[in-house]
Every structure is written in C-alpha cells, then in structure tokens.
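Here is a short briefing on one protein model. Keep the structure in view as you read.

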Amino acid sequence: MKSKMLFVLIIFTVNAVVQAQDFKPYKVKSGKITYEILKYSTVSGYSNHNGVETSYSKQVPHIDQQVVYYWDEYGDIAFEEVYQVSEFGGKLLPEKVKIAERFWVDEHRYYFSFEKNTVSDDPYHLRIKCKQHFQYYQIIGSWIETLYMGTEKSGTKELLGKETDYYRIDNYHDLYAWKGLVLKDESFSTRGSSGPRNTIERAKVAVEIDTISAINKELFNPIWLKRETLYNSLNQQKIVELMDGRQELLIQAENNIDFKIKKNDILLFVTTKLATGKLQVLDIDQNNLTIKYLLYNNNGFELDSRDSYKIKDSSMVNMDNITYKKSEKSEFDFMYKNATIIHKNNISVFLLKPSRSKNLEIPKFYRK
C-alpha cells in the first residue's frame with residue numbers, strides 16, 4: 001500500500017514539474033514588441049457637395065500611450081514599459097513620460113507606478129487558467145483558446161509582415177495573434193451586452209517586432225521588485241532580530257542630530273507603546289512626506305498598515321495612532337521636518353542600510 005501511494009505521489013510530482021516546464025504560451029523564444037495604444041473619439045459634422053448636405057460621423061484615433069514589451073523563455077517571463085505619449089484629448093506631450101512597468105513571472109503580474117512609487121501584485125490569469133486546464137491547453141496548443149474557452153480562430157490577417165490568427169473573443173473584444181504573440185487587441189462599445197457592436201473605443205497595435213536582438217536579462221529583475229521583496233521580508237521577528245543583533249546594518253536617529261531621509265529609504269522603529277514597525281519613503285516634496293507602513297504587536301500580529309499615507313512638513317507623528325492629531329506629547333514617536341526625522345521620547349528609529357544598496361538584500365549573518 002505504501003509503495004502504491006509513493007508511486008502516485010511520484011507521478012503527481014513529475015506531472016506538476018512537467019506542467020511548470022511545458023507551459024510556453026509563445027512559439028518564439030524571446031523578443032521585443034513596441035505597441036501604440038490608440039484611443040478613439042467620435043467626430044461628427046456635415047458636408048455640402050453641389051448643394052447636397054449630408055451628415056457624417058467617424059472614429060478618429062490618437063496615440064495615447066506607447067508600450068514596449070519584452071519576453072523570454074517562450075513567454076514564461078515578460079517585462080513591459082509603459083509611456084504616456086499624449087495629454088487628455090490627444091495633444092502630444094513634448095516628450096514621452098514613463099508611467100509604469102509590469103513584470104510577469106510564475107503566477108504573478110506585478111505593476112509598478114512611477115507616480116505613486118508603489119507595487120501591486122495581481123494574479124496572472126493566463127498562466128493560472130492554462131495550468132488548471134493543462135491537458136486541454138496541450139491539445140489545443142493555444143493560450144487564447146484556453147483562456148477564452150469557446151473562442152476559435154475565424155480568419156487570418158497580415159500585420160507587420162506576419163500572418164496572424166484572428167479571434168473574435170466576444171462583442172467587446174478582438175485579438176490578432178502570431179505564434180501566440182498578440183499583435184493587435186481591439187475593444188468595442190456595444191448596444192447592450194448582446195447587442196451589435198457600436199464603435200471601436202481602444203486598440204493596442206504592434207508597430208515594431210524584433211525577435212533577433214539579444215534581450216537584456218536585467219530587465220527581468222527590476223529594482224522596484226527587489227525593494228518590495230526586501231520590505232515584505234521584514235516581519236516582526238526579523239525587525240527585532242535586526243535591532244537586537246545586526247546594528248551594523250542600521251543607522252539610528254539620535255537627539256539633536258539631523259537624520260536625513262531619502263526616497264525609497266526603509267526605516268524600522270519602536271513606538272511609545274512598544275509596537276514594532278517598518279515604513280518605506282515613497283516620496284518627499286516641499287510640503288509632504290509620503291510613506292507606506294506596517295505596525296506589529298509583540299506577538300507578531302499586524303496592528304495597522306497603509307499603502308500610502310501623507311505626513312505634512314513640520315508634523316509630529318504618533319505611529320500608534322497616525323491619523324489622530326491630538327496626541328499627548330509623550331505619545332509622539334518622531335517629528336518630520338524638511339526631509340529630516342527628529343525622534344522623540346527616546347523612541348528607536350533606524351535606517352535600514354541595505355535599502356540604500358544596489359542589491360537590496362540583507363547580508364547573511366555568519367558567526368565568528
């Protein structure tokens with residue numbers, strides 16, 4: 001009986017490994033595609049030809065964003081840069097502005113906002129569904145037909161010299177794909193969920209594709225994800241461990257000494273109520289300090305957290321109750337003024353040195 005169970009376990013493990021290795025959404029190993037994101041507006045008017053007036057209405061596109069998409073290992077890993085190209089209404093900016101980056105790996109789809117300096121992690125639905133229906137995906141050989149079950153290729157069209165497969169996903173959505181790579185993605189408005197298509201609203205169109213040049217592998221290790229990984233690794237136990245035994249990795253705020261902070265710094269602290277916490281500096285400007293933070297009690301349970309919180313310049317801060325402005329003087333943890341942390345009531349505030357390093361990792365501790 002034990003040998004039979006072991007055999008089943010081995011088969012299950014091998015199958016899981018094969019699934020992880022064989023999930024290749026594209027039929028091209030690596031490359032780069034540049035897209036234009038088009039938005040459409042309806043332009044209406046009248047024309048007069050030989051005294052005959054006719055009305056007209058047409059959809060006029062403008063380039064809203066540019067997207068540069070890189071992939072490797074046949075799509076198992078991908079990275080994307082998003083640039084704003086025009087203002088609302090279509091007026092071109094003097095130069096494009098990078099607004100976001102995305103990174104796909106395993107079952108994660110990470111998104112980094114340059115404006116907010118924040119990272120979000122959404123499920124990578126394509127990979128999740130194809131793994132859930134792995135045998136079907138292997139037979140069909142198309143992630144599109146697996147992700148959108150019931151959809152079938154209904155034609156072809158040449159784009160960028162490539163013969164693409166056309167998929168009408170539903171009334172709202174069309175896709176054109178070459179070897180699994182989407183070269184055109186269109187969205188439509190409709191008259192009701194089952195009504196006919198009305199107008200095209202948005203399109204993502206490939207304008208350049210390169211499957212020959214080598215891809216810079218560093219793209220798939222973005223610095224903002226390394227910083228997020230460092231921040232997330234700091235639970236209550238780790239914070240206490242660093243404060244107690246890894247002083248070489250910390251810089252402590254002291255009375256009457258300026259403690260200058262920088263964007264992306266990670267600080268560790270103990271509050272007046274002896275809670276431990278961590279915060280990351282998201283932004284510093286003339287009027288505000290923007291942070292994200294997480295507070296733990298002595299048992300390691302989370303007491304409070306925020307992904308984004310603004311502190312006005314020259315403000316006293318009580319991390320135990322950060323939104324309450326009428327704390328007693330003895331309850332304040334620090335004062336923020338002119339990019340400087342001034343700690344109060346002998347409370348411990350530390351800068352984590354690795355947050356200013358290039359590798360953004362805490363070195364392993366070796367006993368002598």
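**Cavities and a sheet**

Seven nonpolar, three polar and one charged residues line the largest cavity. The model is predicted. By the rule used, two cavities reach 30 Å³ or more.

**The largest cavity**

- The largest cavity holds about 80 Å³ of space.
- Its lining includes Tyr 309, Ile 311, Met 316, Lys 325 and Phe 332.
- Strand 16 and strand 17 (315-317) each give at least two residues to this lining.
- Strand 17 supplies the largest share, three residues.

**The second largest cavity**

- The second largest cavity has a volume of about 50 Å³.
- Among the residues lining the second largest cavity are Phe 112, Trp 224, Arg 227, Glu 228 and Lys 292.
- By class, this lining has three nonpolar, three polar and three charged residues.
- Strand 6 (118-123) and helix 5 each provide at least two lining residues.
- Helix 5 gives the most, with three residues.

- Six strands form an open sheet with antiparallel pairing, in the order 12-20-13-14-15-16.
- Strand 12 (250-252) and strand 16 (302-312) are at the edges with a single partner strand each, so one side of each has no neighbour in the sheet.
- Neighbouring strands of this sheet are turned by 25° against each other on average, direction ignored.
- Strand 15 (residues 288-296) runs antiparallel to strand 16, and eight bridges join them.
- Ile 291 stands opposite Tyr 309 in strand 16.
- Helix 5 (residues 223-232) packs on the sheet and touches strands 13, 14, 15 and 20.
- The direction of helix 5 makes about 155° with that of strand 14.

Conventions: Residues are numbered from 1 along each chain as its sequence is written. This is a predicted model: local features need pLDDT of at least 70, side-chain atom pairs count only at pLDDT 80 or more; totals for chains, interfaces and linings use all residues. Side-chain values use heavy atoms; hydrogens and water are left out. Two strands pair if DSSP finds at least two bridges between them. Helices (H or I, at least four residues) and strands (E, at least two) are DSSP runs, numbered from the N terminus. Axes are lines fitted to C-alpha atoms, for helices over the stretch in contact, and angles run from 0 to 180 degrees between N-to-C directions. Contact means heavy atoms within 4.5 Å. On a 1 Å grid over the protein atoms alone, a cavity is a set of points where a 1.4 Å probe fits but cannot get out, and a pocket is an open set with protein on both sides within 12 Å along at least five of seven lines; lining residues have an atom within 4 Å of a point. Grid points are joined across faces, edges and corners, and a volume is the space filled by probe spheres set on the points. Ala, Val, Leu, Ile, Met, Phe, Trp, Tyr, Cys and Pro count as nonpolar, Asp, Glu, Lys and Arg as charged, and the others, Gly among them, as polar.
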